[in-house]
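Thanks for coming. I will go through the aromatic contacts in this model, and then the charges over rings.

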Amino acid sequence: MSAIAADDIRGCPSRLEPASDAPVADPTPFVKRTDDGQSRLDLSVFGAKCGGCISKIEGALNALPGVTLARLNLSTGKLVVEWKDATSRPIDIVRAVTEAGYRATPFDPVAQAADSDAEGRFLLRCLAVAGFAMANIMLLSVAVWSAQDGEMGPATQKLMHWISAMIALPAAAFAGRPFFRSAFNALKARHANMDVPISLAVILALGVSLFETTSHGGHTYFDAAVMLLFFLLIGRFLEHRLRSRARAAAQDLLALQATTANRMRSDGTLEVVASGDIVPGDRLVLWPGDRAPVNGDIVEGSSAFDISLVTGESAPVTKKEGDALFAGVVNQSNRILMRANATSDTSLVADLARLIEAGEQSKSGYIRIADRAASLYVPVVHSLALATFIGWLAVGAGGYTAITNAIAVLIITCPCALGLAAPAVQVVATGALFKRGILVKSGDALERLAKVDSIVFDKTGTLTHGRFQLTNRDEVDNETLRRAALLTRSSRHPLARAVTDIAGAGEVADDVRETPGCGIEAVLDGTRARFGRGEWLGIDHESGDDESEAWFQFGQQPPVRFVFSDQLRDDARGTIAALRQRGLSVEMLSGDRVGPARRIARAAGFDRWTAKLSPGDKMDRLAVLKKQGHVVAMVGDGLNDAPSLAGAHASLSPGNAADASQAAADFVYQGDGLAPIVAAYDVSKQARRRIIENFSFAALYNAIAIPLAVFGFVTPLIAALAMSGSSVIVTLNALRLRGSTEVETLR
Amino acid sequence: MTMLIYLIPIALLMGGLGLAAFIWSVRSGQFDDLDGAAYRILTDDDDEKP
């Protein structure tokens, strides 16, 4: 049908995510046995976003010999593969996924709650039972309501009530468990949450209705009680689904740690072990492309390393025998042997994970609007109900009238609309953002982003593309570029990669030798060709930054200069201006040198910026802003930004950021530009407005309904109408969000 | 009136069947991957290519 088949494209066929170049890790330590003797591997797959990805990955795996099951869960990114023992090697399984263009890391299901969502299933079952009960009781209630004027005899009415009771009581006992449990736990801890009035309303409504049924007909509220449970369970389920995305992201951070390493035994052979099994003193081999799993020292060899973990810059640093290595740094050029001097638990990555967790704890202290409303609601409603009871007794009506009116107050104040007010808006808002490629991790992330007044940006990888690009292409002739590419295709050095990107795919010269920190050389058609630093080639040239410049010399010809820089993203200037227009103050914090930082800050339009900052310095700056009373959002991508992202009031991270940053950030946005940040801010502000509108409506509705209940005008029909009406209005108001957000093009 | 005696239980039974079917589908994991399930119907893997 189309000229390019999906198989020719690596990665997502719908181009929703760029293809991955990650190295393949041997997952053998993570292979399990199933009950019927097969081998099973659970992998966490990154980059699968569309239906085409499912058929691509599963198709590639089913093509391997012996594979009996390959199933990808698109919502969670988890891939389960089962195969007959000894027919395929575990590394072939991972390689099949990687060659299709997706990154796959093994993950340990035991380390996580369970790979099936038990809580979600429980809520769905309760929801189903409540829905069944509500629909069938309504069948009977509508008959009773429409025959109020005497068409239905008392015996039939009694029958209807009894059947309703028989449906409602077991259904409420089953479907009300989430609320009863939560209310019980809260009361045990001596404070009230939203579930206390809900449970009270349900239990009392059922109790009164049962009493009415057994005594002398009259009004029963079985349908109201079950309807209340049904609507609230919808809200609960939606909230749970939203939160499970945040949980999945945190688990992906664990997956980052569940890597494998090559350990050298005393006899010199290699074995593959899980990073968690490494002990101090182990000797580990790091091939080019491998990440150091734990802190250690180099005992043999020297190589260039990507230490962006510590500085945020990917300009490689040479390490030789005796130098220390931090866990997470990536080996770029030569094989080295290192000795571990820590376990993975005390490594830098684990420390970052702990910092992230600490940041999340401080965020969980944020009181959501819904909880604020609840803390107001509970005492007010309960006092009103009590006052009604006492009032009617004082007026001289019997205990029966007093109780039924007090209960009517409890039922009519309808925690229904309150239970749906926030989840309905959050679901619509996150759906709208998802369509724009922005992933929202939690419902209160929207509320938090709406309150910020300043935004802090990281430079490399966030404001800029994060990779070097050749800037003086017109000074390099085609033949020189072609020859240089023959050398650079063999190297992982960022400057070499930049040349390869411009030149495209092609051949590699034989016998390319890389000298870490200096350059690469090979013999092309009998002539020596070299590409690397000026000093190494013997060139005496004054330049500002030798890291952003390289020279190529072919034989005795004059050397050609290649200039690189990390370019600002196209819409950065427009985004900063748009944010300023919305009343936010913006600032740039960078770990890079002053020169490049100044250039980017000027080009993007920042008037506040700082350079040469360590991750700790960035966190200090955020703390200073907080003390000055600002509410700060942070945008960052590097592994070293993760603690700042966790500590800021709200945080955003680009989709190609380090996993830890994506795990720590509240919003993850896809694509090459910064415009999603503005969209996220706009939608968050709108969402906050809608949530407040919903709660105001709920308060207004209560203000009208409560007097009716206090004075005894509430019948079951009115209660049911009020309940469904208020829930529908709250949901419709939430849907207003979808139609009103526009995306502008920012230039 | 006598019709109610058997119509109501029939209605409840049919509703109960629906409920049982839903709970079975939740238990067998059909609601675990709603996004993936939406896309799987579009894959062309049942026709043999000529």
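Is F457(A) buried or exposed? F457(A) counts as buried, because its relative accessibility is 0%; buried means under 20% relative accessible area, exposed over 50%, partly exposed in between, with a 1.4 Å probe and protein chains only.

Before the rest, the ground rules. This is a predicted model, where local features need pLDDT of at least 70 and side-chain atom pairs count only at pLDDT 80 or more, while totals for chains, interfaces and linings use all residues. Residues are numbered from 1 along each chain as its sequence is written, chains are lettered from A and ligands numbered from 1 in the order in which they are written, and side-chain values use heavy atoms, without hydrogens and water.

Now the ring pairs. Rings of Phe, Tyr and Trp (its six-membered ring) pair if their centres lie within 6.5 Å; planes under 30 degrees apart are stacked, over 60 edge-to-face, the rest tilted. The count is six aromatic pairs over all chains. F606(A), at 7% relative accessibility, is buried.

F531(A) and F562(A) are also edge-to-face, with centres 5.5 Å apart and planes at 85°. Both F531(A) and F562(A) are buried. Ring pairs join F531(A), F562(A) and F564(A) in a cluster.

Last, charges over rings: NZ of Lys or CZ of Arg within 6 Å of the ring centre and within 35 degrees of the ring normal. R335(A) has its charged end over the ring of W287(A), 5.6 Å from the centre. R483(A) lies over the face of F554(A), 3.8 Å from the ring centre.
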